[in-house]
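Please follow the account below alongside the sequence and the coordinates.

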Amino acid sequence: ASQIIDFAKQQNIPTIFHMHTDLSTQTTKRFPLSLLLGKQKLGGKLLSWWQYRICKQVDYITVSSKQYRKIIFDTIHKKAYVLRLPIQNIFYRKHAVQNTQITNLLIVSRIVESKNIAVLIEMMQYLDDSFHLTLVGDGPDKGFITDLITKLKLQSKITCVNWMELSKVPDMMASADIFLSA
């Protein structure tokens with residue numbers, strides 16, 4: 001990344017970096033990554049150093065929230081511009097009324113510890129069989145989550161779907177009764 005930034009600067013091309021994750025806070029339950037990722041662990045420190053270095057080098061920084069804008073300013077004293085993640089009109093579809101006794105829950109997310117998806121999985125064991133969860137996504141904790149589903153014997157109440165094209169997500173959302181955000 002540094003070589004690309006250096007090249008752009010030599011050509012007088014403005015550089016920009018978008019930060020949507022504070023890499024120092026990323027953790028995982030998946031072994032052996034769990035030994036490396038986290039604020040006090042080597043991987044977390046290395047990723048934070050890389051992120052800090054990139055932010056110092058580029059001309060502009062964009063972030064997805066005011067919280068990350070504050071992190072940038074407090075850490076490297078540089079202004080960041082908030083660019084919210086867009087939700088396109090295609091996502092707002094009328095929910096099709098279904099004659100079913102099942103309440104369909106949907107979550108579309110990167111599967112990492114900070115999203116607390118394990119809490120959602122554990123919650124499902126306390127709901128009766130009239131609830132079904134569809135989990136769409138992938139990430140370093142996918143194996144941990146699928147093992148947890150098996151351990152809690154929730155395979156009939158939870159469906160895991162690998163990451164899908166953004167264009168397919170609106171149909172998934174339209175078919176769900178409740179969309180959960182992580």
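In this predicted model, V58 is placed in the loop that joins α2 (42-57) to β2 (60-63). Is V58 buried or exposed? Its relative accessibility is 3%; since buried means under 20% relative accessible area, V58 counts as buried.

The surroundings of V58 may be described through its contacts. Leaving aside residues up to four places away in sequence, V58 touches I5, K9, T15, I16, F17 and K78. Among these partners, I5 and K9 fall within the range of α1 (2-10), and I16 and F17 within that of β1 (16-19). For T15, the separation from V58 is 43 residues in sequence, whereas the C-alpha to C-alpha distance is 5.1 Å.

Most residues other than glycine have a negative phi. N12 belongs to the loop between α1 (2-10) and β1 (16-19). With a relative accessible area of 69%, N12 is exposed, because the term applies over 50%.

Where does H77 lie? H77 is found in the loop between α3 (66-76) and β3 (81-82). Its relative accessibility of 61% places H77 in the exposed class.

Taken together, V58 is a buried loop residue, while N12 is exposed and H77 is likewise exposed.

Conventions:
Residues numbered from 1 in each chain as written. Predicted model: local features only at pLDDT ≥ 70, side-chain atom pairs only at ≥ 80, totals over all residues. Heavy atoms only, no water. Helix = DSSP H or I, 4+ residues; strand = E, 2+ residues; numbered from the N terminus. Buried < 20%, exposed > 50% of the residue type's maximum accessible area, 1.4 Å probe, protein only. Contact = heavy atoms within 4.5 Å.
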